[in-house]
Every structure is written in C-alpha cells, then in structure tokens.
Amino acid sequence: MEAMETPWWRGGIIYQVYPRSFLDSNGDGIGDLKGVAARLDYLKDLGATAVWLSPIYPSPMADFGYDISDHCDIDPVFGTMADFDDLLGRVHAAGMKLILDFVPNHTSDRHPWFLESRSSRDNPKRDWYMWHDARPGGDSSGPPNPPNNWLAQFGGSAWEWDEVTGQYYYHAFLREQPDLNWRNPEVRKAMLDTMRFWLDRGVDGFRVDAMSHMIKDANLRDNPLNPDYHPRQSDYDRQLPVHSADQPEVHDVVRMMRKVLDGYPERMMVGEVYLPINRMMVYYGTDEDRGVHLPFNFQLIHLPWDAGQIAAAVAQYEGALPGHGWPNWVLGNHDQPRVASRVGAEQARVAAMLLLTLRGTPTLYYGDELGMRDVAIPFGEQRDPQGINMPDRGLSRDPARTPMPWDSSEKRGFTTGTPWLRLDRYHPEINAGSQRNDDHSLFALYRRLIELRGRSAALSRGNYLSMAAPSPLLAYMREAKDERFLVVLNLSHRPASFPMPDGLCGKVEVSVLPEREGEEVAGVMDLEGDEGLVIALAPQAPSPNVGETGTLKTSLAEAS
Ligand code: NOJ
C-alpha cells in the first residue's frame, strides 16, 4: 500500500486534456472548461489522479493558446474565470489535482507588454523582449541582416524585423510569439507573480512550456549546422541549437520557479525539455538546490519500438537520475504523433502496459486510452502553423489533436456544432461510451493497470530491476518489500516464449488478454503476439538473475 508521505505527483497518474478537443458544452465546435468539468467522472473512472490542461488563457490562437495575451484570465472560447473556479473545485472534490500549462518563454505579440515594448525604443518595457540591431552588411533591397542565424521552430528565421523601431525581435516559435527576456529582473518578477496568481487560486502545479528555451546565449553566437540533418526533418533541425536553448543560466530561472512553488504546500512542476538524457537530468537541480520536480522524459515517443533499445534506454535513464530525482514516462502529447499510429493498435496495448508499470509518474494524453489514431486532415482544413508553414514534411500536429470521441454518433458526442477539427470518421468503435463497458477494450486495460498500480507499492514506487529476455521480449521486475511483479511484454505480433528464471512462479495479475488473468505461471511462459503480462510473483520465490539496472539508485531514491 502507498506510504502516506509519497507526494501525490509521484504516486499519481497525470492525464493531459487538450481543452479545445475534449468536450464542447456550448455547440461552438470547440471544447471548453464546462466540458472538462462534465467529464471528470470519466477521468475518475479511468483512475487519473491529476489533470493537466493545455493553455486556457486569452489568446489570439495563432498557436492554439501557446500565444498568450493575458496570463491571468480565461479565453472566452473556453469559458470564464467562474467556470475555471468551478472546475478547480470539482477536481479537488473528486480527490484529483489540477495542473495548468505555464508558458514562460514567450507571449502573444498582442500581449499588452509586447505592444508597449514594440511601441518605441525607449519604452520602459522595451527590454522585456529580445530586441537587437540588424547585423551590418547585405543589400538595401529587403530587410537588413538578422542579428544571427538562429531559426524558429515553426520555420524561417527566428528574427522578425520591426519597421517602426528599426530593430529585430526574437521568437523561438511563431513571429506572433515574441520571446520574453528572462535576463530582465522585471520580467522575472512579473512572470513569477503570474505563477503565484494561479497558486493562490488553488492550482496544484504547472506544466512548464519550452523550459529550456528561456535563456539564450548573451553574445548571440551563431548556431552550428547539424551534420545529421535530413530533408524530411523540420527546417529548425538544420542547426544544432547550442546557443539558442539550454544555456547554463536557465537553471537559475528554474530554481526561482521552484522556490515560488515551495512557498506553497504540495505543489509541483513538470518541465517540457526535449534534450538528451544527461542534459535533461540537470533540470532536476541538485539535492541542495532543487529544480523541476519532473523534466518530461519523452524517450518512449522517440525510440524505435524495439525491446533491446527500450531496455537500454530505461537502464540509461534510471542510471542517470540524481539521488532525489523521480522518473516519469510519456507515450504522447499534443505535439507528437499518437502512440496507436506510431506502434499500431495492437502494440498500443503493450505500450500502455509499459507506461503503467515502469518506475515513475506516467502522463497520459487524452484519448490514447481509447486507442485514438492520427486522423488525416486535408490540407485545406489544417490548423496547425507548424504543418502549414512546412507542408511537405508531415509535421502537422493536427492529426493528434482531433476531438475526443465520447460515443459512436456522427459527431462522436463531442459537439452539437461543427467540430473545429475533423474527427475520426472511420473508426466509430473508438469511443469512450462503448469501451467503458467492454472488458476487452483498451480503456478497460488502462483501468485495470491503473487500479493495480494504485494499490501496489511495488508498481507505484518500488524498485525497477531489468531482466534478461530474448528478443522481441522486454522483461523487468518491480519490487517493494515482500511484493514483486514481473512484467513481460511481447513487442512483436508473433508468439514468443519467456523462460522464467529458476524457481520463479506466480499468477497473471493483468494481461492484454483478460482471459489469462488469474492463470498460474512457472517454467517456460508462452506469450501470444502483442501480448503483455503483469505477473504477481509468489512471495517465497528465490531472487532471479536480474540485471543491475538502477537497483542501487532506485533504492536510494525511495529512501530519500
Ligand atoms: C511546446 C508546446 O507543447 C507546443 O504546442 C507549442 O507550440 C510550443 N511549445 C510553443 O509554445
């Protein structure tokens, strides 16, 4: 059973809601806060313990809410502040937590701060953003040379020429998303006050957007070219962003944010950092000077779906965690292709078992528990600026942002109006209503795994022990005191056998095939293609020949 002192964000399950696409309560075709409130029973039934809302603040929606024009209000398309307070109250009454998206790196170009900043060179807020002179040289026919070669994530130069004041401003994403200058103390204060505004209202934490972008090289050095660039990649990947992101001073900012959170009981932040493991780990801070509670670990999104590579990556991640660091795992989010489309519908079940049995906090992306797939969006209906700006690369994020299917009706119970984005027309069976009542559904598998995790100390906070397994199997144990689970996952469509190490035996607790649950296992265990098993090991079984992955570290982490 869970120890009382385990913080909620370690023991829980975070569920990401993309509010535009969750449930529309007023028929305008766009999901809203009342819609989220109306479906808390669903999240509770699934077993989610925290809800992360993608941005709900006033926004011109150039980047669907990640371009904020007022950090302390609610966009009318999502509702009102009263709707927000009502939702927060309901989330808490249901025993869950609410995490808001916090977008510190940039604002909308319509934010009053930016309007002031761009109004003149001597405006008091001029230095709140990154304004720079052009680089000398070039011809006089077009805008002058940008200050350096940095590229924007959504295509083109990261510098936008401002004719009126004769300088460039920097934007890591769209030109409608100017970057704040976090080296300016007034910006720091204003943004940390924004965090306090929501914490005072009662939110339980933040998902911090684009965390590694907040500080840039003070000398604006050019980024080097990426020698491994492939033309199918985003233009942004032509360079290695060594000077435009992940600068050492960013950790000072992260620590400031942490101190704000630590001023309130039981608050947390999870940082969006797409970085190699060694650099991502730095965001945890040190034992004495803590950073982010969880830097998102996106490995399961990017790794090839291969047992050996996943086992190695888990080992590397576990081994690299600092003593106080708690792991976390993610299969998808609103920026990435859906897991069911990446690994296929059958393997999505195995992926669910992996996500929910690894050591660390899982974050679920709405609809992945139903097996939602990427939906083909005809070019004329595309909404995502990343896809529209680079149309030939398959980079649109729209396919993974389509409306949540609540039932099998034409509009899937999402709206009575016209959905803002085309929904999945061809798979009416992928819907919450029918899957909630079907023991064989993916939803039911998620629910069983979450329920087991919730009542098991071994799964929710126990050690992780890698085990040797013949390809294409992935095997590991989770253990806490006298409770041990063996997890064996078949990452292929074909049957495979797992030789249980000497003396190990147990009972199938959860299987991708519910018929197997309760079955006794010992000796050689046969798995169907696309099958995964969570086996409760008999208490007296002798220790198997396990790998050393993370054992010492995880024990230490649990002790701290
Ligand atoms: C990361 C967010 O997840 C993404 O949706 C957004 O476009 C960029 N940051 C810019 O805020």
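Predicted model: local features only at pLDDT ≥ 70, side-chain atom pairs only at ≥ 80, totals over all residues.
Where is the place of Ala 245? Ala 245 sits in the loop between strand 7 and helix 7 (250-262). A search of the whole structure finds 39 salt bridges.

**Salt bridges around Arg 397**

- Asp 63 and Arg 397 meet through their side chains in a salt bridge, with an N to O distance of 3.1 Å.
- Asp 63 belongs to the loop between strand 2 (50-53) and helix 4 (81-93), and Arg 397 to the loop between helix 13 (385-389) and helix 14 (432-436), so this pair ties together parts that are 334 residues apart in sequence.
- Asp 63 is buried, at a relative accessible area of 5%.
- Arg 397 is also buried, with 7% relative accessibility.
- Arg 397 forms a salt bridge with Asp 335 too, and here the closest N and O atoms are 3.0 Å apart.
- Because Asp 335 lies in the loop between strand 10 (328-330) and helix 11 (339-343), while Arg 397 lies in the loop between helix 13 and helix 14, the pair ties together parts that are 62 residues apart in sequence.
- Asp 335 counts as buried at 19% relative accessibility, the cut-off for buried being under 20%.
- A network of salt bridges links Asp 63, Asp 335, Asp 384, Arg 397 and Arg 401.

- Asp 101 and Arg 207 form a salt bridge in which the closest N and O atoms are 2.8 Å apart.
- Asp 101 is in strand 3 (residues 97-102) and Arg 207 in strand 7 (residues 205-208), so the pair ties together parts that are 106 residues apart in sequence.
- Asp 101 has 0% relative accessibility and counts as buried.
- Arg 207 counts as buried as well, at 1% relative accessibility.
- Side chains of opposite charge can pair when their charged atoms come close.

**Ligand surroundings**

- There are 13 residues around the ligand, and Asp 63, Arg 207, Asp 209, His 334 and Asp 335 come nearest.
- Arg 207, the salt-bridge partner of Asp 101, has a polar side-chain atom 2.9 Å from an oxygen atom of the ligand.
- For His 334, a polar side-chain atom lies 2.8 Å from an oxygen atom of the ligand.
- In the side chain of His 106, an N or O atom is 2.9 Å from an oxygen atom of the ligand.
- Two of the residues that come nearest to the ligand, Asp 63 and Asp 335, also belong to the salt-bridge network.

**Helix 10**

- Helix 10 (residues 307-320) has 14 residues. From the first C-alpha to the last, helix 10 reaches 20 Å, close to the 20 Å expected at 1.5 Å a residue.
- At the start of helix 10, the backbone nitrogen of Gly 308 has a side-chain oxygen of Asp 306 within 3.1 Å.
- Which residues in helix 10 are buried? Ala 307, Ile 310, Ala 313, Val 314, Tyr 317 and Glu 318 are. These residues cover an arc of only 130° around the axis, which puts them on the same side of helix 10.
- An α-helix has 3.6 residues a turn, so residues three or four places apart point the same way.

**Backbone details in loops**

- Phe 64 is not a glycine, yet its phi is positive, near 50°.
- Phe 64 is in the loop between strand 2 and helix 4, and at 5% relative accessibility Phe 64 counts as buried.
- Asp 246 likewise has a positive phi, of about 50°, although it is not a glycine.
- Asp 246 is placed in the loop between strand 7 and helix 7 and is buried, with a relative accessible area of 14%.
- Ala 245, placed in the loop between strand 7 and helix 7, is buried with a relative accessible area of 8%.
- Ala 245 and Ala 475 are 230 residues apart along the chain, and 36 Å separates their C-alpha atoms.
- Ser 471 and Pro 472 are joined by a cis peptide bond, with omega about 5°.
- Pro 472 is in the loop between strand 12 (463-467) and strand 13 (473-480).

Terms used. Residues numbered from 1 in each chain as written. Heavy atoms only, no water. Salt bridge = Lys/Arg side-chain N within 4 Å of Asp/Glu carboxyl O. Helix = DSSP H or I, 4+ residues; strand = E, 2+ residues; numbered from the N terminus. Buried < 20%, exposed > 50% of the residue type's maximum accessible area, 1.4 Å probe, protein only. Expected span 1.5 Å × (residues − 1). Arc of directions from axis to C-beta. Polar contact = N/O pair within 3.5 Å; in protein donor to acceptor, adjacent residues only side chain to side chain. Near = heavy atom within 4 Å.
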